[in-house]
Amino acid sequence: MKNIFIEGIQGSGKSTLMKSLYEKLNVYHMYLEGDISPVELAWCSYMTEEEYQQALARFPDLVSEIEKHTKKEDNHFIVEYTRIVTDVKGFHYYMEQYEIYNGKRSFDEFKGIIMSRLQKFQGAGNLFECSLFQNIIEELILFYCRTEEEIIGFYSDIFEIIKQKNFVLLYLYSDDIESNILKIKKERSDEKGVEMWYPLVMRYLNESPFGKKSGFSDISDIVAHYKRRMNLEVRIIKEIMEGYSIILPAKIYDINDVINKIEE
C-alpha cells in the first residue's frame with residue numbers, strides 16, 4: 001500500500017476522486033481537509049499545552065467536545081475545531097488564532113512544523129486531500145510572498161523527506177479553470193441562493209499581504225491566481241516529483257485505470 005496525495009486547484013474534483021478511490025480501496029484510511037491528519041494541519045488548531053488548557057478554561061461548556069476532537073502530538077495539541085458544531089460565541093474565532101496558516105506563524109516556524117511532521121510520519125495505506133500542495137503553496141504565495149524559485153526550493157526540501165514515505169501524487173489538471181470556478185461559485189450558495197464561497201475567497205485573497213499589494217477585484221483575478229498556482233504545481237511535479245506523480249485530466253479519467261497506475 002502507498003500514501004496517496006490528491007491535489008489540484010479548486011473545482012478540479014479532488015473530493016470526488018478521493019471518495020471514488022476510497023470506495024475501491026476501502027482498506028485505506030481517508031483524511032479529508034479539516035481532519036486531524038499526520039501530515040496536514042489545515043482548519044486545525046496547533047497549540048502548546050498552556051494554550052490548550054487556556055482554551056478548555058475559556059470554554060468550559062465545550063470541554064468534552066474539544067477533548068473528543070483533540071490529538072496530542074509530542075508537546076502540542078491538535079484540535080479539529082471546525083468539526084465542532086456549536087453556537088458558543090467566539091469559539092471558532094478564538095481557536096482560529098492557533099492555526100499555522102493565514103500568516104499566523106513566522107516563516108521559519110511554519111516551515112519547521114511542516115518539515116518536522118512529515119519527517120516523523122510513518123505508515124502507509126492513507127489517502128490525503130489537499131495535504132501536499134494547496135494549503136502550503138497558497139500560504140507561500142499569499143502570506144509569505146515567496147517567489148516561484150523559492151517555492152521550488154521549499155518543495156525540493158519536502159521531496160527529500162517524502163520520497164522515503166512510499167508516496168504517489170495524483171494531480172488533477174484542468175483546462176478550463178474559469179468554468180470550474182463559476183460552477184463552484186454557483187454551487188456553494190445557501191438555500192436562498194446567496195453566494196457563500198465567492199465572497200469568502202475574495203476576502204481571504206484581498207486580506208493577504210500579496211492581495212493587499214496586487215489586488216483581487218473580480219473573478220478574472222481569481223482565475224489568473226489559480227492558473228499561476230496550477231502552472232507552478234505542474235512545474236514542481238515535472239522538476240522534482242517526476243516518477244512519483246500521475247497527472248490526470250480533471251473529471252475525465254477511469255478510476256480503475258487510476259488504481260492500476262498507482263499499483264504499478
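Modeller: Five strands make up an open sheet here, in the order S2-S6-S1-S7-S8, with parallel pairing. The model is predicted, so to speak of local features we ask for pLDDT of at least 70, and of side-chain atom pairs for pLDDT 80 or more, while totals for chains, interfaces and linings use all residues. Residues are numbered from 1 along each chain, and side-chain values use heavy atoms, without hydrogens and water.

Colleague: What makes S2 and S8 edge strands?

Modeller: Strand S2 (29-31) and strand S8 (245-249) each have a single partner strand, so one side of each is left without a neighbour in the sheet. Neighbouring strands are turned by 20° against each other on average, direction ignored; the axes are lines fitted to C-alpha atoms, with angles from 0 to 180 degrees between N-to-C directions.

Colleague: How do you know that S1 and S6 pair?

Modeller: Two strands pair if DSSP finds at least two bridges between them. Strand S1 (residues 3-8) and strand S6 (residues 126-129) have 4 bridges, in the parallel sense, so by that rule they pair. Ile4 has Leu127 as its bridge partner in S6, and Ile6 stands opposite Glu129. On S2, Tyr31 stands opposite Phe128 in S6, and 3 bridges join these two parallel strands.

Colleague: Which way do the residues of S6 point, and are they buried or exposed?

Modeller: Asn126 and Phe128 point one way, Leu127 and Glu129 the other, and all are buried. Buried means under 20% relative accessible area, exposed over 50%, and partly exposed in between, with a 1.4 Å probe and protein chains only. In a regular strand, side chains alternate between the two faces of the sheet.

Colleague: What is the order of the sheet of 3 strands?

Modeller: That open sheet runs S3-S5-S4, with antiparallel pairing. Strand S3 (45-48) and strand S4 (70-73) are its edges, each pairing on one side only. The twist averages 25° from one strand to the next. S4 is joined to strand S5 (residues 76-79) by 4 bridges, and Lys72 stands opposite Phe77 in S5.

Colleague: Why is the protein called as compact as a globular protein of its length?

Modeller: It has 12 helices and 8 strands, where helices are DSSP runs (H or I, at least four residues) and strands are runs of E, at least two. Its radius of gyration is 19 Å, close to the 18 Å that the globule rule gives for 264 residues, so it is as compact as a globular protein of that length. The radius is taken over C-alpha atoms, and the rule is 2.2 Å times the number of residues to the power 0.38.

Colleague: What makes a space a cavity, and what makes it a pocket?

Modeller: On a 1 Å grid over the protein atoms alone, a cavity is a set of points where a 1.4 Å probe fits but cannot get out; a pocket is an open set with protein on both sides within 12 Å along at least five of seven lines, and lining residues have an atom within 4 Å of a point. The largest pocket holds about 1,400 Å³. Of its 42 lining residues, the closest to its centre are Gln10, Trp43, Arg188, Trp197 and Val201. H9 gives the most to that lining, with 6 residues.

Colleague: How many cavities of 30 Å³ or more are there?

Modeller: The count comes to 1. The largest cavity has about 40 Å³ of space, and its lining includes Tyr31 and Glu129.

Key
Points joined across faces, edges and corners; volume = space filled by probe spheres on them.
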